[in-house]
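Trainee: I would like to learn how to read this structure step by step. May we begin with the ligand and then turn to the sheets and the loops?

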Amino acid sequence: MASRKIGLIGLGGHVPARVMTNDEWTQYVDTSDEWIRERTGIERRRIASDDESTADLAVAAARVALEDAGLAAIDLDEIIVATDTPEVYTPDTAAFVQHKLGAREIPAFDLGGSGCAGSVLALDIARHRAVGGHRKILVVGVELITRLMNWRDRNTAVLFGDGAGASIVGAGTSEILTAVAGTDGAQSGILGLESGGTRVPFTPEGAAEGLHKNLVMEGREVFRHATHRMSAAAAEVLAAAGVTIDDVDLVIPHQANIRIIEAVRKRLEVPEHKVFVNLQEYGNTGSASVPLALWEARKEGRVQSGSLVLLTAFGAGFHWAAMLVRI
Ligand code: UT7
């Protein structure tokens, strides 16, 4: 089988309709619009309604990406869903997405727990599983974080929002040039959930206290590592492709905090107009953040056919991943 260029042949995204402003957070925690804007750059976020679940957001984004690619769900050969906020623990969200979307009985699996880096890693996995461009793979980054967070913890809750971003990986004019990824599991206690799973199983008492929603986060440490890892991964992927930052048309960093994005921008020595930011609208949407931003960047005309785009992401684990893609 002849090998063809493998890239992103369809892009999509979906966010819930309900907008929550920073001011609304003052009903739940001791905070202010000013604090959230200044420390994070976030102005509002989307909140899923009670009748929406993770798979619903994923399917909505997937439909947009399929339409963009000129494909139907039955054309898909595989589905990968990157999420830390799954439909249920078992089976994975990908099973629900396969069914709701009306896809064939194809392989479908989650990349769970890789935090905000999951979707970029999933795109790289899809690229390798596209078998020389002969298969079309749906990759969705999706989070419904606001249902699984502690609304009384001002250190974490104000940062997040719900949403989904989807890409179809397959043969066409677009090309994923190269990707890098890494993990530092020594930092696993700095960002994550303390209970659930086998180490500290759920108990009725713990659930009543909301322990299953208690995100542990050492904000400043996460900030420090995120800045370093996202810029280092970006530099690594540029070097691997034999290009420089000047060749890149747009950098799409994980949308966690405007100060993190700004620090990465400075380290990469890239001008502001070459960095895409939409976190003021959506907050940190976890693994949805990069594919959602990519979709929006293309809608706004900041990414066009032929643009060289650098994706860089970082999240719990710690995991990080960067990718260079010609759109
Ligand atoms: O995708 C990865 C997920 N996580 C992240 O990306 C988070 C990375 N870290 C950050 O973005 C920042 O560290 C934060 C935005 C979380 C915090 O900003 P900071 O400048 O590092 O603030 P800080 O943690 O040093 O806290 C400063 C003060 C503290 O009060 P005291 O101890 O100085 O009296 C906090 O209690 O701000 C307080 N604070 C708040 N005040 C108002 C923390 N959260 C809030 C809040 N509203 N929502």
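Mentor: This is a predicted model, in which local features need pLDDT of at least 70 and side-chain atom pairs count only at pLDDT 80 or more, while totals for chains, interfaces and linings use all residues. Residues are numbered from 1 along each chain as its sequence is written, and side-chain values use heavy atoms, with hydrogens and water left out.

Trainee: Which residues come nearest to the ligand?

Mentor: A residue is near a molecule if one of its heavy atoms lies within 4 Å of it. There are 21 residues around the ligand. Those that come nearest are Thr31, Arg39, Arg220, Asn257 and Asn284.

Trainee: Which residue has a backbone N or O atom 3.0 Å from a nitrogen atom of the ligand?

Mentor: Consider polar contacts, which are pairs of N or O atoms within 3.5 Å; within protein, one must be able to donate a hydrogen and the other to accept it, and residues adjacent in sequence count only if both atoms are side-chain atoms. The side chain of Trp35 places a polar atom 3.3 Å from an oxygen atom of the ligand, and an N or O atom in the side chain of Arg154 is 3.0 Å from a ligand oxygen atom. The backbone atom 3.0 Å from a ligand nitrogen atom belongs to Gly219.

Trainee: How much of the area that the ligand exposes when taken alone does the protein bury?

Mentor: Accessible areas come from the Shrake-Rupley method with a 1.4 Å probe; for residues, only the protein chains shown count as cover. Taken alone, the ligand exposes 950 Å². The part of this area buried by the protein is 76%.

Trainee: Which helix gives the most residues to the shell around the ligand?

Mentor: Helices (H or I, at least four residues) and strands (E, at least two) are DSSP runs, numbered from the N terminus. At least two shell residues come from each of α1 (33-40), α6 (219-241) and α7 (258-268). With 4 residues, the element that gives the most is α6.

Trainee: Why does the ligand lie between two domains?

Mentor: Domain bounds come from an automatic or database domain assignment. The ligand lies between the two because its shell takes residues from both domain 1 (6-173) and domain 2 (179-326).

Trainee: Which residue in β7 stands opposite Ile137?

Mentor: β6 and β7 (residues 163-171) run antiparallel and are joined by 7 bridges. The residue opposite Ile137 is Val169.

Trainee: Where is Pro91 placed?

Mentor: The peptide bond from Thr90 to Pro91 is cis, with omega near 0°. Pro91 is in the loop between β4 (78-83) and α3 (93-101).

Definitions and conventions: Two strands pair if DSSP finds at least two bridges between them.
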